[in-house]
Every structure is written in C-alpha cells, then in structure tokens.
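Thanks, everyone. I will go through one model this morning, starting with a loop and ending with the ligand.

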Amino acid sequence: MPATIVVGAQWGDEGKGKIANLLAQEADVVVRFQGGNNAGHTIVIGEQRFALSLIPSGVIYPNVVPVIGNGCVVDPAVLLAEMDTLRKRGIDPGNLRLSANAHLIMPYHRKLDAVRERFLGHQRIGTTKRGIGPAYQDKFSRLGIRAQDLYDPKIFRDKVEMGLKEKNRILTKVFNQLAMDAGQIVEEYLGYGARLLPHVTDTSLLVWEAIRAGKNVVFEGAQGTLLDIDHGTYPFVTSSNPVAGGALTGAGVGPRDIDRVLGIAKAYISRVGSGPFPTELSDEVGEQMVQIGGEFGTVTGRRRRCGWLDTVALRYAVRVNGITELALTKLDVLSAFPTLRLGVAYSSLGERYDEFPRQQRVLYNCTPIYEDLPGWNTDITEVRRLEDLPKAARAYLERVEQLAGAPITIVSVGPERSATFLRQ
Ligand code: GDP
C-alpha cells in the first residue's frame, strides 16, 4: 500500500478512524491533510477508547510518524492538550510532525465562529464553533497566521495586531462583543510555539522522502466527500476539501505519487446538522439505525440523521475522488432489518436522476427510488471471513459495489479493530 488516500465517501462519520487505524498498523507515515479539530476519530483497541480530533490515529503505533499537513488548520492549545492526553495513556507523541505552513486557529476565529452562528439563527450552518471556518477564511484572504510565524516573534506580533484591527471592529461594531487584546494573544501563542518547536517542519518534504524511500504512507481524510467545500452539498459543508484532491494540496504531493484511493462508506448513511439528505428516514427504522449504530457525534455528541444507503451519492464519491476500492463499515447494524433498501436513483421535480444532481434545488426536492433486498436476520459481528457471511449479506455487498462502480475490499462488522475482514 505504498501511498494510500483514505477518504470518507459520505457525509463523514463513516468509520474512517477505524479503517485508517487498521492501515496505520502497516504504515510508516500517516498524514492528516485538511480540517481541524472539528473531526473526531474514535479508535477502539481492546478496552481502550481513544477520541482524537487533530492528531492522526496512527500516533498510537511507535513505528508511525504522524503528520499534520499544511492543509489543516491547527488550534495549538487543542493540539498540545491532545498530546498531553496521549502521554497520560502511555503513548508518546514525540514523533508528531506539524507542517510549518499549517494555519493557526486564533482566539478571534473561535469567537467569530460562535457569534456568526448565533447571528445566522435558524439559517446557521451547524459548525462546531471551533474557529475552523474563520481560520480558513483568513488563509484565503491572506491574513492567516501559520505555524512558522510563531518562530519570528516580531512578525507574529505584527500579524496578530493587523488581524485584530479588522476583527475587533467586526466583533464590536457588527456583533456587539468586547474587543480582544493582541498582547495577551501573542504571549499565549508564543508559549505554545515554544512547546511545539520540536515538531514543526517541512512535512511536504518529509512525505516526499518517505514515498521515494518506498515507505507506506497513508493520507487520512476527515469529514467526507459530501461535506467538501467544492463537491459537497454547499453551503452545508465543511470549509476544506476532504476529497482525494485535497490530500495532494493539503500534504504537498503530486497525483502520480498516489497508488490507491480507499473510500470509506457505511452500509447505510448518516449526516450531522442541516442540509439535504434524500434517503433520510424519519421513522422507526431511522431511529433504530441511530440507536443500534450509536450515531452520536464523537466530538459534539450530536445525534446524527440516518437513512438507507444512497448509491447515487456513493457513485458520485467514487467519481470525484477517483476511488479505487471501498471499505464498507457497520454492516452489522443492518442485521436488525428484515428488508434492506438501496437508494439507486432520485426522482425530483418530475424527472429521474441517476447521477448526483448538480443543482441544489433539484437535490432539495429529491425523493429516492429504492431497490429492496432481503435482510439476513442474524448476528454477523463474529464473522471474520467472507465465506461465513450469510448469503443475503454477500448479495448486498455485490449489489452495492455494482451500483457504486468500485469493488468493496474491506468489510467491517463491529467497532473493534478485529471485526474486519478483507474481500478480494
Ligand atoms: P469517523 O470519524 O469516520 O472515524 O467515524 P466515527 O468515529 O465518528 O464513527 C464511527 C463509529 O462507529 C465509532 O464509534 C466506531 O467505533 C464505530 N464503528 C466503526 N466501524 C464499525 C462497524 O463495523 N460496526 C459497528 N457497529 N460500529 C463501528
């Protein structure tokens, strides 16, 4: 698996943490390439549960160099707190590398995120209020502050002062908030800088050298394809590019260095927060999916909306990411249902759509066209070989890959790392 990009093929929460963790066992380098501490990866090893929001899951293996790439936005206080938590659990994050070009989330980003959401009222995006969107805004306005700026105190101070000049006006005049103090922020952040110094480096070069040396590199995406700022269900999206292309820009590698793109999808589908969701179930079946699947956010605890697997959206994800293979997770959750449904097309405004619609208006009015398949009515959480899966479950996998247009090579039937098998 020399260079593998792992992407979420739905609206996030597909179980990427578990699969990336599985790949990390054999990896040398694991790279996060977008987002910030708005993603939560749950990793379960035996009795231990880890929830990481920023550090790649590979950190738990001493042989892995975990990397936070330039495409991420980093709240240094959160990063340091995560490192401390790991140390307390006996995991040394000393190998962690942070791109000198990664942008920092500043206290005013968090503040703006929160007050803007409040201001938007019922039209709010449902952000995690961690300052991620405003940090990306500053990056693209060329007002951002990067990790490397922490090591030039004069420039750092100038940048914070300049940034705050505008932000304080917005905070006080638009949102009726108190102004923030540059001096205090500078002092706090230079302190973080000192602690992070051993970790900050040119991670693009590090990754390039690893690939050249034939090492195994895993690029671990956060969120999912349908939350991509360009290819997702805008505006109910995240502020970065979770698609495979984002791994290239967000880690600083070229397309020819990538060997494999692994898309992670749940055997059903969920989404957090607002936005269109054609196969959403507001009935008893949807509620059962939430309960059996434990569909509550890792970071926020928010209840996720659930529905049948949408293969129109999955086919779209295969296309925009160039997915070469799929991992299907949480197949065990479907054991509860006598009949399973697959969304195979949409009907909207009097027309049939076989491909994911380009227009928001069409998407909002979509009702799914389903194909029904028999369930298997038996517990599959102990299954570890494809041959041992009930026939109906194998038929389900075959139909999904046919509709999606990519082979399912990994199947997950429970939260534990061992509850997984390969399917060639
Ligand atoms: P991620 O952000 O994509 O890693 O997804 P989350 O960690 O938010 O959600 C995945 C959740 O599902 C975690 O609690 C996992 O332990 C759990 N999980 C992963 N794979 C499976 C599976 O095959 N079956 C079941 N029942 N749970 C799983």
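Start with Pro235, which sits in the loop between β10 (217-220) and α8 (244-251). The peptide bond that joins Tyr234 to Pro235 is cis, with omega at about 5°. Before going further, keep in mind that this is a predicted model, and the cis bond is a feature of that model.

The protein is divided into three parts: domain 1 (3-98 + 200-261), domain 2 (103-196) and domain 3 (265-422). Domain 1 is given as two segments, 3-98 and 200-261, and Pro235 falls in the loop between β10 and α8.

On the domain 1 side, 24 residues take part in the contact, and on the domain 2 side, 19 residues do. The area buried between the two domains is about 1800 Å², and carbon and sulfur atoms give 63% of that area.

What about polar pairs across this boundary? Between domain 1 and domain 2 there are eight residue pairs in polar contact. Two elements give two or more residues to the side of domain 1 that touches domain 2, namely β6 (73-74) and α2 (76-88). Of these, α2 gives the most, with six residues. By class, that side of domain 1 has 13 nonpolar residues, nine polar ones and two charged ones.

How many salt bridges are there between domain 1 and domain 2? The count is two. For context, the structure holds 23 salt bridges. One to look at on the screen is the pair Arg195 and Asp84, with the closest N and O atoms 3.4 Å apart. Arg195 lies in helix α6 (residues 182-196) and Asp84 in helix α2, so this pair ties together parts that are 111 residues apart in sequence.

Leaving aside residues up to four places away in sequence, Ala179 touches Asn168 and Thr172. Ala179 and Tyr108 are 71 residues apart in sequence, and their C-alpha atoms are 9.4 Å apart in space.

Last, the ligand. Which residues are closest to the ligand? Gly15, Lys16, Gly17, Asp332 and Ser412 are the closest, out of 19 residues that surround the ligand.

In the side chain of Asp332, an N or O atom is 2.7 Å from a nitrogen atom of the ligand. At Glu14, a backbone N or O atom lies 3.1 Å from a ligand oxygen. At Gly414, a backbone N or O atom likewise lies 3.1 Å from an oxygen atom of the ligand.

To recap the boundary: domain 1 and domain 2 bury about 1800 Å² between them, with eight residue pairs in polar contact and two salt bridges. That is what I had; questions are welcome.

Conventions:
Residues numbered from 1 in each chain as written. Predicted model: local features only at pLDDT ≥ 70, side-chain atom pairs only at ≥ 80, totals over all residues. Heavy atoms only, no water. Domains from an automatic or database assignment. Contact = heavy atoms within 4.5 Å. Buried area = accessible area lost by both parts, 1.4 Å probe. Salt bridge = Lys/Arg side-chain N within 4 Å of Asp/Glu carboxyl O. Polar contact = N/O pair within 3.5 Å; in protein donor to acceptor, adjacent residues only side chain to side chain. Helix = DSSP H or I, 4+ residues; strand = E, 2+ residues; numbered from the N terminus. Nonpolar A, V, L, I, M, F, W, Y, C, P; charged D, E, K, R; others polar. Near = heavy atom within 4 Å.
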